[in-house]
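This report describes one protein chain for a reader who is new to structural models. Please keep the sequence and the structure in view while reading.

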Amino acid sequence: MPEPRPESEQKASAQERLRRLRDEIKRRIDYRSFYLRYCPDARQAGARLHGLCPIPAHAHSGKGHPGLSIDLQQGLFNCFSRGEGGDAITFYELMHGVTYARAVGELARELGIAGRGGRRPSLATASAPDPSESETVEPLDAEAMSAVCARFLEVCRAEDQLEGVSYLARRGIDAATMRRAGVVYFPRRAYRRVMRRMREGFAPETLRRGGLFNRREHLTFYRHRLLFPFFVEGRALYLQARTTAASVEPRWHNLRGPVPALYNVDALRRLASDSVVYLVEGFTDTLTLAARGFAAVGLVGAGGLKEEWLAPLARFRVVAALDPDAAGRRAAARYQELFAARGLRLAVVRLPSDVNDFFRQQPAAALEFELMTEAAIEMMNAE
Ligand SMILES: [Zn+2]
């Protein structure tokens with residue numbers, strides 16, 4: 001039977017555990033939503049919140065000047081009228097009238113941090129994307145984002161592509177199409193190596209601003225390792241990644257910032273004017289058509305078309321092949337109006353399923369698809 005540890009040692013290890021939990025809380029907490037919970041009427045100015053101080057022991061009248069100021073970057077609060085301030089844990093102590101140790105324990109539990117045993121958090125936990133914090137982290141400019149994207153793709157391309165290739169092959173997208181679209185994959189076992197290589201190339205701050213890393217300085221692409229880059233004039237400006245596992249939600253993860261272009265828009269650069277170009281939903285449908293020699297560009301979600309993306313389409317005959325659900329039909333009608341407002345026209349094919357399913361289910365899909373396209377263009381011309 002092991003001897004009980006001396007009391008002083010137990011105390012030291014309890015303190016160590018508290019310190020570790022405190023650090024973990026500070027890495028994980030979303031200060032904005034934490035403080036807003038107690039001060040729902042606080043107003044944000046830059047990286048600060050200002051509001052009435054809710055600390056019960058201060059017994060403020062609830063009227064007059066907002067005396068509480070919160071620094072969202074550091075997570076610190078300050079009550080000017082009572083001259084009391086501190087970090088989020090102190091704030092929690094004051095709000096709930098509990099001890100420091102209890103505040104740490106409750107906050108840790110709330111954030112899903114396992115306190116027992118002092119185990120390191122799993123990679124799945126450590127790699128979780130930060131909660132939304134667009135107010136406090138400056139996004140990267142296009143130049144820096146492109147450098148991060150290019151390096152990330154290069155690092156991943158050096159890893160074993162097999163699982164990614166077979167995932168797409170099961171959806172009728174061959175390896176050559178995958179390569180042409182610059183799609184890359186890395187297996188989970190390469191996660192730490194990919195993370196290390198990215199760390200070697202960029203400052204943590206840069207990686208975090210791009211959304212590649214989280215505030216724990218971990219690569220956020222842990223479950224989502226099949227990468228679909230957006231190339232604009234030969235440069236990767238952005239990417240979205242998909243999980244290849246059936247049970248992972250959400251299925252997609254992306255870098256920070258808005259989608260910069262239609263997916264696969266660079267494929268149009270060398271295409272002859274007056275060619276047929278399909279407007280479809282998502283990466284799979286775009287590459288399904290590309291694999292069969294059709295020119296296609298993809299929207300992220302049915303509603304994702306931006307007006308400034310229409311100009312590069314003007315010299316083509318554009319045919320929408322959106323999903324046959326209500327959202328797809330609404331989007332097609334709206335896009336026809338959007339095109340018309342610019343003096344352009346949009347033909348619409350109505351498939352019985354999405355593009356990928358259509359090509360997987362119909363033996364003569366390519367021929368049928370061409371016939372439907374001709375009919376759609378004729379109908380548009382007759383209008
Ligand atoms: Zn106060």
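## Overall form

What percentage of the 383 residues of the protein chain count as buried? The share is 34%, where a residue is buried if 20 or more other C-beta atoms lie within 10 Å of its own, exposed if 12 or fewer, and partly exposed in between, with C-beta atoms placed from the backbone.

This is a predicted model, in which local features need pLDDT of at least 70 and side-chain atom pairs count only at pLDDT 80 or more, while totals for chains, interfaces and linings use all residues. Residues are numbered from 1 along each chain as its sequence is written.

The C-alpha trace spans about 80 × 60 × 35 Å along its principal axes. Its radius of gyration is 26 Å, whereas a compact globule of 383 residues would have a value near 21 Å; the radius is taken over C-alpha atoms, and the globule rule is 2.2 Å times the number of residues to the power 0.38.

## Domains and secondary structure

The domain assignment, which is automatic or from a database, gives domain 1 (7-121), domain 2 (142-254) and domain 3 (265-382). The C-alpha centres of domain 1 and domain 3 are 52 Å apart.

The chain contains 14 helices and 13 strands. These are DSSP runs numbered from the N terminus: helices are H or I with at least four residues, and strands are E with at least two.

## Confidence

The mean pLDDT, the predictor's confidence in each residue from 0 to 100, is 89 for the chain, and 93% of residues reach 70 or more.

Helix α9 (residues 191-201) has the buried residues V194, M195 and M198. Seen down the helix axis, these fall within an arc of 100 degrees, so they line one face of α9; the arc is that of the directions from the axis to the C-beta atoms. An α-helix has 3.6 residues a turn, so residues three or four places apart point the same way.

The buried residues of α9 pack against α6 (142-157) and α10 (204-209). On the face turned away from the buried side are the exposed residues R192, R196 and E200.

## Two residues with positive phi

Most residues other than glycine have a negative phi. A59, in the loop between β2 (48-51) and β3 (68-71), has a positive phi near 50 degrees. A59 is exposed, with 9 other C-beta atoms within 10 Å.

D274 also has a positive phi, near 75 degrees, and lies in the loop between β9 (252-254) and β10 (276-281). D274 is exposed, with 8 other C-beta atoms within 10 Å.

Technical notes: Contact = placed C-beta atoms within 7 Å.
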